[in-house]
Amino acid sequence: MSGRELCRDLLCPPRRIRRGAALTLVFAGVLVAGAATGSFPETGQPVRKPAFRPAAEATTPHEDVRKAAADAMADGKSPMEAAERAVSRSGDRWGAVYSEGEYQEFQDALDGRYTGVGLWARREQDGRIDVTRVRPGSPAAEAGIRAGDRLTSVDGSKVDGRPVTDVVSLLRGDADDAAAGTTVTLGLERGTRAWTEKLRRASLSTDSVTVRKLPGGVTVIKIAAFTKGSGDAVRDAVRQAPADGGIILDLRGNSGGLVSEAVETSSGFLDGGLVATYDVDGAQRSLHAAPGGDTVRPLVALVDGGTMSAAEMLTGALQDRGRAVVVGSRTFGKGSIQMPTKLPDGSVAELTVGHYRTPSGHAVDGQGITPDLEAGPEDALQRAETVLTGLGDPS
């Protein structure tokens with residue numbers, strides 16, 4: 001990637017996940033499709049085994065992948081590798097296979113937890129990796145690492161010029177499914193000083209919703225991902241926002257998350273009504289906002305090419321329902337739903353089972369959502385403020 005890459009050791013996908021579903025944090029296919037079909041119970045419970053099907057009956061992609069993994073295990077080969085080949089043959093763009101550890105990390109991220117050292121990293125134009133922020137109370141903060149420090153190596157591996165997502169994967173120990181308490185050694189520079197720091201990874205909580213106030217009473221609510229509790233956090237922020245000020249809902253770079261939290265977020269801005277329709281293996285279903293949301297304050301939704309999945313679902317609902325003016329650039333276009341299947345070795349395969357549409361019937365998958373007003377990264381926030389001014393005083 002040219003220019004600068006920005007990432008943190010929270011939601012950047014592990015390498016194996018990036019090869020498949022790119023860690024969209026699941027548009028909630030894990031939860032929505034599973035709840036709808038009864039095939040995936042509450043987190044922490046075992047995945048229900050499929051009912052027996054006669055050999056002559058057509059198999060589903062999930063069954064094909066499960067059979068490939070089981071056959072490989074019986075032959076003493078890698079079930080994960082066999083499953084990955086089967087997913088690749090299926091042509092499913094969003095199909096992916098996760099190790100047991102990766103999938104647990106996935107679930108932890110959706111629950112608002114992750115394992116890491118608590119720093120954000122950025123690759124500069126010259127390829128150097130800089131620390132841009134350190135989480136207070138994290139292992140990195142306790143070691144005295146500061147924003148502006150240069151990260152030169154992770155466990156002896158030089159990081160200059162590497163994609164920042166790879167660097168973050170090293171920090172988290174994705175290749176070894178590293179748990180909290182495992183160690184990682186960082187090479188660092190600050191001015192003329194160069195040193196190494198040995199840190200213990202920790203289980204950290206996410207800050208998926210942040211709120212700040214702009215001059216003039218505008219409230220900016222940034223949602224990094226729809227993790228557990230983010231919907232309530234957004235609704236609290238709306239209630240605490242100045243009554244005479246507008247709201248900017250910043251969904252740029254939001255890769256998705258729990259659809260239940262996206263719907264809860266929509267309930268903060270809508271007085272009930274349709275949020276999206278979706279199908280699971282051909283069966284049609286719908287999602288609705290709860291009544292009683294704020295329908296008065298002027299609202300702008302900021303989006304870009306990194307706005308994906310559940311974030312696109314929310315954007316489409318607010319746009320179609322006439323509740324928000326959408327500013328930015330066309331969203332990613334991930335409108336499919338994945339459902340997980342547990343494989344014999346404990347790994348998990350996710351395959352697409354359906355797609356969703358906005359209230360007006362717009363299919364998002366492969367198309368994305370076109371903003372009402374185009375804006376680049378340099379002027380998007382300023383243009384959003386201008387739009388809010390034009391929307392007028394809510395009183």
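A residue counts as buried when its relative accessible area is under 20%, as exposed when that area is over 50%, and as partly exposed in between (1.4 Å probe, protein chains only). By this rule, 52% of the 395 residues of the protein chain are buried. The model is predicted, so local features need pLDDT of at least 70, side-chain atom pairs count only at pLDDT 80 or more, and totals for chains, interfaces and linings use all residues. Residues are numbered from 1 along each chain as its sequence is written, and side-chain values use heavy atoms, with hydrogens and water left out.

The secondary structure of the protein chain comprises 11 helices and 20 strands. Both kinds of element are DSSP runs, numbered from the N terminus: helices are H or I with at least four residues, and strands are E with at least two. Contacts were also examined, a contact being heavy atoms within 4.5 Å. Among contacts between residues at least 6 apart in sequence, 69% join residues at least 24 apart.

Helix packing is considered next. Two packed helices are described by the angle between their axes and the distance between the axes. Helix α8 spans residues 230-240, and helix α9 spans residues 259-266. Their axes come within 7 Å and cross at roughly 15°. Axes are lines fitted to C-alpha atoms, for helices over the stretch in contact, and angles run from 0 to 180 degrees between N-to-C directions. Angles under 35 degrees count as roughly parallel, over 145 as roughly antiparallel, 65 to 115 as roughly perpendicular and the rest as oblique. Helices α8 and α9 are therefore roughly parallel to each other. Their crossing is right-handed. That term applies if the near helix is turned clockwise from the far one by less than a right angle, and left-handed applies if anticlockwise.

On the α8 side, Ser230, Gly231, Asp232, Val234 and Arg235 take part in the contact. They meet Glu261, Glu264 and Thr265 in α9. By class, this contact has 1 nonpolar, 3 polar and 4 charged residues. Here Ala, Val, Leu, Ile, Met, Phe, Trp, Tyr, Cys and Pro count as nonpolar, Asp, Glu, Lys and Arg as charged, and the others, Gly among them, as polar.

A salt bridge is a side-chain nitrogen of Lys or Arg within 4 Å of a carboxyl oxygen of Asp or Glu. Arg235 is buried, at 17% relative accessibility. Glu264 is partly exposed, at 24%.

The whole structure holds 14 salt bridges. One of them joins the side chains of Lys67 and Asp71 (2.8 Å, N to O). Both residues lie in helix α3 (residues 61-74), 4 residues apart, about one turn of the helix. Lys67 is exposed, with 51% relative accessibility. Asp71 is partly exposed, with a relative accessible area of 36%. Another bridge connects the side chains of Asp250 and Arg252 (2.9 Å, N to O). Asp250 is buried, with a relative accessible area of 6%. Arg150, Asp160 and Glu189 are linked in a network of salt bridges.

Helix α5 (residues 100-110) has the buried residues Glu102, Tyr103, Phe106, Gln107, Asp108, Ala109 and Leu110. Gly112 follows α5 and has a positive phi, near 85°.

Several loop residues were also examined. Asp155 sits in the loop between β6 (150-154) and β7 (157-158). Its phi is near 50°, a positive value in a residue other than glycine. Asp155 is partly exposed, with a relative accessible area of 46%. Ser309 lies between β16 (299-303) and α10 (310-320), again in a loop. Phi of Ser309 is positive, near 60°. Ser309 is buried, at 0% relative accessibility.

Ser138 occupies the loop between β5 (129-134) and α6 (139-142). Ser138 is buried, with a relative accessible area of 0%. Not counting residues up to four places away in sequence, Ser138 touches Val117, Gly118 and Leu204.

Pro371 is found in the loop between β19 (348-357) and β20 (373-374). Pro371 is buried, with a relative accessible area of 8%. Leaving aside neighbours within four places in sequence, Pro371 contacts Gln319, Val326, Val327, Gly328, Ser329 and Arg330. The C-alpha atoms of Pro371 and Thr331 are separated by 8.2 Å, with the two residues 40 apart along the chain.
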